[in-house]
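Here is a short note to read beside the structure. Please keep the 3D view open and look up each residue as it comes.

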Number of protein chains: 2
Amino acid sequence: MRWSKISDAVIRRLPLYLRVLEEVGRDPDVKLISSQELGDQAGVSPALVRKDLGWFGEFGKQGVGYEIAYLASELRRILNLDKEIPVALVGVGSLGSALVRYAGQRYEEEASFNLHIVALFDSSPNKIGGNVDGIPIWPMEALKEQVAEKGIKIAIVTVPSSSAQMVADQLVAAGVKAILNFAPVQLTVPEGVHVANADVSLELQRLAYYLST
Amino acid sequence: MRWSKISDAVIRRLPLYLRVLEEVGRDPDVKLISSQELGDQAGVSPALVRKDLGWFGEFGKQGVGYEIAYLASELRRILNLDKEIPVALVGVGSLGSALVRYAGQRYEEEASFNLHIVALFDSSPNKIGGNVDGIPIWPMEALKEQVAEKGIKIAIVTVPSSSAQMVADQLVAAGVKAILNFAPVQLTVPEGVHVANADVSLELQRLAYYLST
DNA sequence: TAGATTGTTAATCGATTAACAATC
DNA sequence: TAGATTGTTAATCGATTAACAATC
């Protein structure tokens, strides 16, 4: 544990900053960025940008700003994106397959989207042995072995709600530390395992609220 | 505008409460639920459940609790889910197609997921005229007409980042009031239009942070 | 009635913003 | 040097929790 007690709200903004830095860094003439400019592009106040970065160190120079390339590399280090991260995906339905392709594209396009889906899992016999974009589909029985062998710490769950908790349990047992859950259920995981919910269903229902305002 | 100034944090929890109510409501013997029980199942404190509901009215009985069917119907009304909501989707790639199927499934399985994708749009000539699960794919030129004809107020955007802002502009011009954006860019929309970001890329990068803790 | 639980106000907690000394 | 912008502390704002009177 490197920095304890840094709030999730802070962590959530770091990838956003990193994306802005990569965007502006494409212009080789621009070497520096101020918290004002970085905040503008990320949709955050300059004070908050400085406060967020302040949790991790001093990355800027007073009167000057932040060196784009340096700050980007520091953010990659903080987010563990300085090395390639192997990811598993469980549930190779249409959403699962689409996410494999989506992640592959991000991996190609975004310089520091360093997450790589390396193994797929499904329980359906007619999918096992197949692949999506060249990534092999394994039976659930192979989960533990593959997670260990490939050093997988993050998994994406795109199985039906009814099996999501069971799959999460298996992932945790196999040693996975973070889960991106697309199933419309609240997963229960032990302390130390992180779950992010990508619940499209809830988001759409939430948007419906604003139709009456 | 019915209730002004209710925070987004509150609105975000309402669909969650609704989901719990539907879940427990399946058992016909259970007619009542306390804020304690509702909170437990939604992962929220009982005090917060009562405070959230309190913004919209008095739905419970002291000493008794909340009548499940009644509270559910009130939440549906508040979230505009008491009537079917037509939705458009722009960008019929693999992610777009997958979401069409996903939404179709939610529509079947969840009693009050009352959002219905009724029109798809793409710029690729070899997709136009086709369909996904029977829902027709229109050219972008047909957007304004279809949105007006079908009364579409919500759209899902699954186009590449490079065209997302342009598509958003067209959606806004056509009269769409809420956008669920899957493209990894920050969309700019006028006052009164709501954007929810479903940025899988950011979520995964965020999860990577927790691998070092 | 007695016990339970709501609705609501006051207290607390945490996150964001404002301000400014330090310093490049 | 003078102007600019960081790093950081104090002030403010908003959201959550605690507490309890009202009441079913």
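1. Start in chain A, at one pair of facing residues. A:Ala155 stands opposite A:Ile179 in strand 9 of chain A. Strands here are DSSP runs of E with at least two residues, helices are runs of H or I with at least four, and both are numbered from the N terminus. Strand 8 of chain A and strand 9 (residues 178–181) of chain A run parallel and are joined by four bridges. Two strands count as paired if DSSP finds at least two bridges between them.

2. Some ground rules. The model is predicted, so local features need pLDDT of at least 70 and side-chain atom pairs count only at pLDDT 80 or more, while totals for chains, interfaces and linings use all residues. Residues are numbered from 1 along each chain as its sequence is written, chains are lettered from A and ligands numbered from 1 in the order in which they are written, and side-chain values use heavy atoms, with hydrogens and water left out.

3. Stay with strand 8 of chain A. Strand 4 (residues 85–90) of chain A also pairs with strand 8, in the parallel sense and over four bridges. There, A:Val87 has A:Ile154 as its bridge partner. Are the two faces of strand 8 covered or open? Both are covered: A:Ile154 and A:Ile156 on one side, and A:Ala155 and A:Val157 on the other, are all buried. Buried means under 20% relative accessible area, exposed means over 50%, and partly exposed lies in between (1.4 Å probe, protein chains only). In a regular strand, side chains alternate between the two faces of the sheet.

4. Next, look at an open sheet of three strands in chain A. The order is 1-3-2, and the pairing is antiparallel. Strand 1 (32–33) and strand 2 (60–61) of chain A are at the edges; each has a single partner strand, so one side of each has no neighbour in the sheet. Two bridges link strand 1 and strand 3 (residues 65–67) of chain A. At one of these positions, A:Leu32 is the bridge partner of A:Glu67.

5. Strand 1 and strand 3 of chain B run antiparallel, joined by two bridges. B:Leu32 faces B:Glu67 in strand 3 of chain B.

6. Turn to DNA strand C. Sugar and phosphate make up 56% of the atoms of DNA strand C within 4 Å of the protein. Helix 3 of chain A gives the most to this surface, with four residues.

7. Check the polar contacts of DNA strand C. A polar contact is a pair of N or O atoms within 3.5 Å; within protein, one must be able to donate a hydrogen and the other to accept it, and residues adjacent in sequence count only if both atoms are side-chain atoms. A polar side-chain atom of A:Arg13 is 3.0 Å from a phosphate oxygen. A side-chain N or O atom of B:Arg50 is 2.9 Å from a base nitrogen. A backbone N or O atom of B:Phe59 is 3.1 Å from a phosphate oxygen.

8. Then take DNA strand D. It is surrounded by 23 residues, and the closest are A:Ser35, A:Arg50, A:Gly60, A:Gly63 and A:Tyr66. A phosphate oxygen lies 2.7 Å from a backbone N or O atom of A:Ser35. The side chain of B:Arg50 has an N or O atom 3.2 Å from a base nitrogen of DNA strand D. Helix 3 of chain B supplies the largest share of this surface, four residues.

Methods
A residue is near a molecule or strand if one of its heavy atoms lies within 4 Å of it.
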